[in-house]
Amino acid sequence: MKKVPFQAVAPILKHFELSDDVVETVDPALSPEQLVAHLLKLEANIDLANFWAHALPMRESIWWACIGVSKRTEVLKPLEKQVLDASLAWVKSPTEPLRRQIEVLIEKLPNESASKWLGMAVFWSGSGSIAPIDNPIVMPSEFLYAKAVGGAVNTAAALPEWDGYKMFYKDVFRSAMDLANGGTGTVEG
């Protein structure tokens, strides 16, 4: 995994919490590949999504969230689709005006929207202040974007409810592995 430059998962795990039923089964000395295999075996999808959100570099992580949300376009409302499109554009060419435009768009979306979490990941990316424009600069805390990426992927998997969530996770985890190995993440299964 050339995009995940750690021999063990300990440095990644310090940025988020595994679920209670999983944390006791994980040795922080595991390699990223070993942890992925372990979480897949346990079907700990939420934990694995959070791992990938934190393990991938920032832009790849947000790109991965775009891929995940894109898999649910048939259920996205027009504003959610607009946020997805703007987020895709931002990953390809991150500009401050686009980041601020996304900030305005997501204000109107409910927290149950995968697109809102995706937009929050862009806004919290660390490329600019999260304070209102005329206020002093306030940078987001480290890995705040990753919390939103995990939220976007896990929300897309779950809401609105559907029977395809297991295949969704299988597909997005395949994309994450491709990204981790230097690919585009747009693999098809």
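Lys3 and Glu60 form a salt bridge in which the closest N and O atoms are 2.7 Å apart; a salt bridge is a side-chain nitrogen of Lys or Arg within 4 Å of a carboxyl oxygen of Asp or Glu. The pair links distant parts of the chain, since Lys3 belongs to the segment before α1 and Glu60 to helix α5 (residues 58-70), 57 residues apart. The model is predicted, so local features need pLDDT of at least 70 and side-chain atom pairs count only at pLDDT 80 or more, while totals for chains, interfaces and linings use all residues. Residues are numbered from 1 along each chain as its sequence is written, and side-chain values use heavy atoms, with hydrogens and water left out.

**Salt bridges**

- The structure holds seven salt bridges. Side chains of opposite charge can pair when their charged atoms come close.
- Lys3 is partly exposed, with a relative accessible area of 30%. Buried means under 20% relative accessible area, exposed means over 50%, and partly exposed lies in between (1.4 Å probe, protein chains only).
- Asp85 forms a salt bridge with Lys81, with 2.8 Å between the closest N and O atoms. The two residues are four apart in helix α6 (residues 78-92), and Asp85 and Lys81 are therefore separated by about one helical turn. Helices (H or I, at least four residues) and strands (E, at least two) are DSSP runs, numbered from the N terminus.
- Asp85 is partly exposed at a relative accessible area of 36%, and Lys81 is partly exposed at 33%.
- An α-helix has 3.6 residues a turn, so residues three or four places apart point the same way.

**Arg99 and its surroundings**

- Helix α7 (residues 96-106) contains both Glu96 and Arg99, three residues apart, about one turn of the helix. Salt bridges that share partners join Glu96, Arg99, Arg100 and Glu103 into one network.
- Glu96 forms a salt bridge with Arg99, the closest N and O atoms being 2.8 Å apart.
- Glu96 counts as partly exposed, at 33% relative accessibility, whereas Arg99 counts as buried, at 0%.
- The side chains of Arg99 and Glu96 also make a polar contact (2.8 Å). A polar contact is a pair of N or O atoms within 3.5 Å; within protein, one must be able to donate a hydrogen and the other to accept it, and residues adjacent in sequence count only if both atoms are side-chain atoms.
- Leaving aside residues up to four places away in sequence, Arg99 touches Trp90, Val122, Phe123, Ser125, Ser127, Gly128, Ser129 and Ile130. Contact means heavy atoms within 4.5 Å.

- Pro32, Leu35, Val36 and Leu39 are the buried residues of helix α3 (residues 32-42). Seen down the axis of α3, these buried residues fall within an arc of 100°, so they line one face of the helix. The arc is that of the directions from the helix axis to the C-beta atoms.
- The cover over the buried residues of α3 includes α1 (10-13), α2 (20-23), α4 (45-55) and α10 (165-180).
- Glu43 follows α3 and has a positive phi, near 55°.
- The largest nonpolar core has 62 residues, and those with the most contacts inside it are Phe51, Trp52, Ile62 and Trp64. Helix α9 (residues 144-158) gives the most to this core, with eight residues. A nonpolar core is a set of buried Ala, Val, Leu, Ile, Met, Phe, Trp, Tyr and Cys residues joined through side-chain atoms within 4.5 Å.
- Phe51 touches Val9, Ile12, Phe16, Pro32, Leu35 and Val36, not counting residues up to four places away in sequence.

**Aromatic pairs**

- Rings of Phe, Tyr and Trp (its six-membered ring) pair if their centres lie within 6.5 Å; planes under 30 degrees apart count as stacked, over 60 as edge-to-face and the rest as tilted. By this rule there are five aromatic pairs.
- The ring centres of Phe168 and Tyr169 are 5.9 Å apart and the planes stand at 70°, so the pair is edge-to-face. Both Phe168 and Tyr169 are buried.
- The ring centres of Tyr169 and Phe173 are 5.4 Å apart and the planes stand at 25°, so this pair is stacked. Both Tyr169 and Phe173 are buried.
- One aromatic cluster is formed by Trp162, Phe168, Tyr169 and Phe173.
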